[in-house]
Amino acid sequence: MTRSVYVTGIDRGDGRQVVELGVMELLTRQVDRVGVFRPLVHDGPDRLFELLRARYRLSQDAASVYGMDYHEASALQAEQGTDELVSRLVDRFHRVAGEYEVVLVLGTDFAATQLPDELALNARLANEFGAAVIPVVGGKNQTAESVHAETRNAHRAYDSLGCDVLAMVTNRVAAADRDEIHRRLAASLPVPCYVLPDEPALSAPTVAQITHALGGRVLLGDDSGLARDALDFVFGGAMLPNFLNALTPGCLVVTPGDRADLVVGSLAAHSAGTPPIAGVLLTLNEQPGQEILTLADRLAPGTPVVAVSGGSFPTAAELFALEGKLNAATPRKAETALGLFERYVDTADLLGRVSAPSSDRVTPMMFEHKLLERARADRRRVVLPEGTEERVLRAADVLLRRGVCDLTLLGPVEQIRKKAADLGVDLADSELIDPQTSELRDRFAGKYAELRAHKGVTVELAYDVVADVNYFGTLMVQEGLADGMVSGSVHSTAATIRPAFEIIKTKPDASIVSSVFFMCLADKVLVYGDCAVNPDPNAEQLADIAVQAAGTAAQFGVDPRIAMLSYSTGTSGSGADVDKVREATELVRAQRPDLKIEGPIQYDAAVEPSVAATKLPGSDVAGQASVLIFPDLNTGNNTYKAVQRSAGAIAVGPVLQGLRKPVNDLSRGALVQDIVNTVAITAIQSQTPAP
């Protein structure tokens, strides 16, 4: 029977979308096919389902998600009774449940639904669906005593109606009261209770949402700027010096359109990062002249300037009534929501209580989820030398919102801040260092000169070398000021890893540094090595690559079954290239008899059971290889790219192995998610101390 989780509440305004998103994240870590069912729906777009569908690549037909709309349900209940309503909803639920391994049920929203005793209806539906229940209680603007009592009452209500209550969630409580509420509920409830503080960024509307709600016209700005959260509103009226003192980080400046001085002043402050603002909203249907708009665009490219027709007072009334919503167009809010959920919810315990069936398949999304979860579990610091690169800053935004690791970004500090402000990225929780002016430069110069004295490097020469961001970042790792480094989005592979060869060096048990890619196919993860570093390894080096790759695979949850690839399988061929692979295979067997290895073997015999049954019957590896070692860089690099492009695989890497401390290289075409994954991998590598 499909295991289902029913997220419900007791009233409006509980912010349960955070919990629904968090539970979906947990379920997709565990199983490949997760369905969604909302028993009752309002007219209009379902923002949360659109977010879930976009974020988790759901293929589920939207029509199957919904039981019926509230008007139909209310009429049916009035005419034929609750039993008939429940019966029809159960029937529609089982149509979904029959297609999926687990179903997330989104309870009713208590928003003008005209349904009597809505809590009891949710409880009954959960029981009829066979779903475990997670009730959510809203605590915004309530005292600690009131929140405590309401949460206990909610648990009692669902429990008394026969529900299998997995856990209670109390959401949007005052941050100052959070720990006290959690302590009291933990002592008074028989199930876990997770208490989440109110997060202003989640309830803050984006500039795009404000523009839509107020019917505004976008005069300046790009999609990134419009996606910024308006964390505060500052209304212009004072003279410029006093007005600038009133600006707050993330605020939306609201001013009459004829106050060009305030427009230019606030954008100049944003450009300087003191403070970064969300944008400017011009009232009275006025706008500055074209020369002012041109100047504004040059001062803060991408920062939105929006004009509305209303005056300041009616505009203020509308603004204060707006509240941000999670939807597919607000990916940053989704990252913030997940970061909040993962920080305050014991996700491992909750997932264990759900008891969703574990899938034997490992999809790319499941692999990525597990990377972030493992990195977060033992938080480390990763240095990013390319601190002014847009993709790196966007990746940093995701990593910080999700609490994956601590970050140090290198580069001119004011330039990093300005670029981050233009992108709407909050770097308040990260460390920014300019190697050119850092007080660490003298110390690092001495260290590098000491390490490279045998090459004739003096302190004076070293002083210039360590100002390079990759050398500086590598020395931070060597000196224990960071746990790992990720670079390469705008630097060559040589520029990224040469400092590591010179400074960090190889592990005692590794003869060379090599690399692997995690190739995330539709239903499994394979490890390819070496596809990025060594052009033509000899037999001893090839054996070293295989042993290292097996260790890397095991570290990331892939059971290593090694295939030493060649154009010949078994004893069917001969020649120098085949003999090298055969010799490397025997070296691995001698060094590590515990490893499962086969070679030489062709790719099809390594991964396809039917071919393996013909070419190497009885092999422990053939047909089920998980670690594939290529005989040279030409073969490996071309193969990984062919599989990536032709099979639609996600290639995570290259992941360097053999170094004493983790340094990883990015492709110069790396996407934001590639950078996020590589940083998470680097953090995980640093969790295992080097010998």
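User: What radius of gyration does the protein chain have, next to that of a compact globule?
Analyst: Keep in mind that this is a predicted model, where local features need pLDDT of at least 70, side-chain atom pairs count only at pLDDT 80 or more, and totals for chains, interfaces and linings use all residues. Residues are numbered from 1 along each chain as its sequence is written, and side-chain values use heavy atoms, leaving out hydrogens and water. The globule rule, over C-alpha atoms, is 2.2 Å times the number of residues to the power 0.38. For 691 residues that rule gives a value near 26 Å, so the chain agrees with it at 29 Å.

User: How much of the protein chain is buried?
Analyst: Buried here means under 20% relative accessible area, with a 1.4 Å probe and protein chains only. Of the 691 residues, the buried share is 57%.

User: What share of the contacts in the protein chain is between residues 24 or more positions apart?
Analyst: A contact means heavy atoms within 4.5 Å. Counting contacts with a separation of 6 or more, that share comes to 75%.

User: Which residues are buried in helix α20?
Analyst: Helices are DSSP runs of H or I, at least four residues long, numbered from the N terminus. Helix α20 spans residues 413-423, and its buried residues are covered by elements including α13 (260-272) and β14 (406-410). The buried ones are V413, I416, A420, A421, D422 and L423.

User: Which residue with a positive phi follows α20?
Analyst: Its phi is near 75°. The residue is G424.

Methods: Buried < 20%, exposed > 50% of the residue type's maximum accessible area, 1.4 Å probe, protein only. Helix = DSSP H or I, 4+ residues; strand = E, 2+ residues; numbered from the N terminus.
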